[in-house]
Amino acid sequence: MPPVLCVVTEYLPGGSLRTFLSKRRGEILPLEDVVRMALDIACGMEYLHMKGVIHRDLKSENLVLAEDGSVKIVDFGVSRFESECNAREDDPGTYRWMAPEMLCLKPYSRKVDVYSFGIVLWELLTTLLPYEDLSAVQAAFLVSNKVIYIQIICFSFYLFSFSCIEGFG
């Protein structure tokens, strides 16, 4: 009989980033909050990538909020060491957040997480679900064939203090 393995993690009461954003649909989050959350995600990705791990399913549903408002990466079910990735594996991620090379079953690297991070950044700025007017399969088909791209929204940026973020500013 194979051993039973369990993962024990801290309790994160804030729920998923997707739920947080859904409750604020159509609102513009304060830019300082967006930057703080983005830095938390980027630091988590940097740590994974330094260890040679590709998450492969980075999305707002796999990002959770801690009590202090920090964002943490969860759900490593399809993660792989970069050296062990197989481009021919079936659907290693979630279509709306998948990089085109994964959708087309082409060789890929940790850059697929960076692509997914870009989609999450768009979510943070808009509070919307990516390609929400399309089914996941339609979005995958159109992205993989370079027919549609995530719409970039221009914002008027302003200066704000990074003093609340350790090590920045």
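Is Arg-36 buried, exposed or partly exposed? Arg-36 is partly exposed, with a relative accessible area of 24%; buried means under 20% relative accessible area, exposed over 50%, and partly exposed in between, using a 1.4 Å probe and protein chains only. This is a predicted model, in which local features need pLDDT of at least 70 and side-chain atom pairs count only at pLDDT 80 or more, while totals for chains, interfaces and linings use all residues. Residues are numbered from 1 along each chain as its sequence is written, and side-chain values use heavy atoms, with hydrogens and water left out.

Arg-36 has a partner in Asp-33, with which it meets in a salt bridge of 3.7 Å, N to O. A salt bridge is a side-chain nitrogen of Lys or Arg within 4 Å of a carboxyl oxygen of Asp or Glu. Asp-33 is partly exposed, at 28% relative accessibility. Because Asp-33 and Arg-36 are 3 residues apart in helix α2, about one helical turn separates them. Helices (H or I, at least four residues) and strands (E, at least two) are DSSP runs, numbered from the N terminus.

Next, consider helix α2 as a whole. The 20 residues of α2 should span 28 Å at 1.5 Å a residue, and its end C-alpha atoms are 28 Å apart, which agrees. The expected span is 1.5 Å times one less than the number of residues in the helix. The buried residues of α2 are Leu-31, Val-34, Val-35, Met-37, Ala-38, Ile-41, Met-45, Leu-48 and His-49. Seen down the axis of α2, these buried residues fall within an arc of 165 degrees, so they line one face of the helix. The arc is that of the directions from the helix axis to the C-beta atoms. Among the elements that cover the buried residues of α2 are α1, β1, β2, β3 and α4. Just after α2, Gly-52 takes a positive phi of about 80 degrees.

The largest nonpolar core has 36 residues, and those with the most contacts inside it are Leu-17, Phe-20, Ile-41, Leu-58, Leu-63 and Leu-124. A nonpolar core is a set of buried Ala, Val, Leu, Ile, Met, Phe, Trp, Tyr and Cys residues joined through side-chain atoms within 4.5 Å. Helix α2 gives the most to this core, with 8 residues. Leaving aside residues up to four places away in sequence, Phe-20 touches Leu-29, Met-37 and Leu-65; contact means heavy atoms within 4.5 Å.

Charged residues come next. The whole structure holds 7 salt bridges. In one of them, Arg-18 pairs with Glu-123, the closest N and O atoms being 2.8 Å apart. This pair links distant parts of the chain, with Arg-18 in helix α1 and Glu-123 in helix α4, 105 residues apart. Arg-18 is buried at a relative accessible area of 9%, and Glu-123 is buried at 0%.

Arg-25 forms a salt bridge with Glu-132, and their closest N and O atoms are 2.9 Å apart. Arg-25 lies in the loop between α1 and α2 and Glu-132 in the loop between α4 and α5, so the pair ties together parts that are 107 residues apart in sequence. Arg-25 is partly exposed at 49% relative accessibility, as is Glu-132 with a relative accessible area of 37%.

Lys-59 is found in the loop between β1 and β2 and counts as buried, at 9% relative accessibility. A network of salt bridges links Asp-57, Lys-59 and Glu-61.
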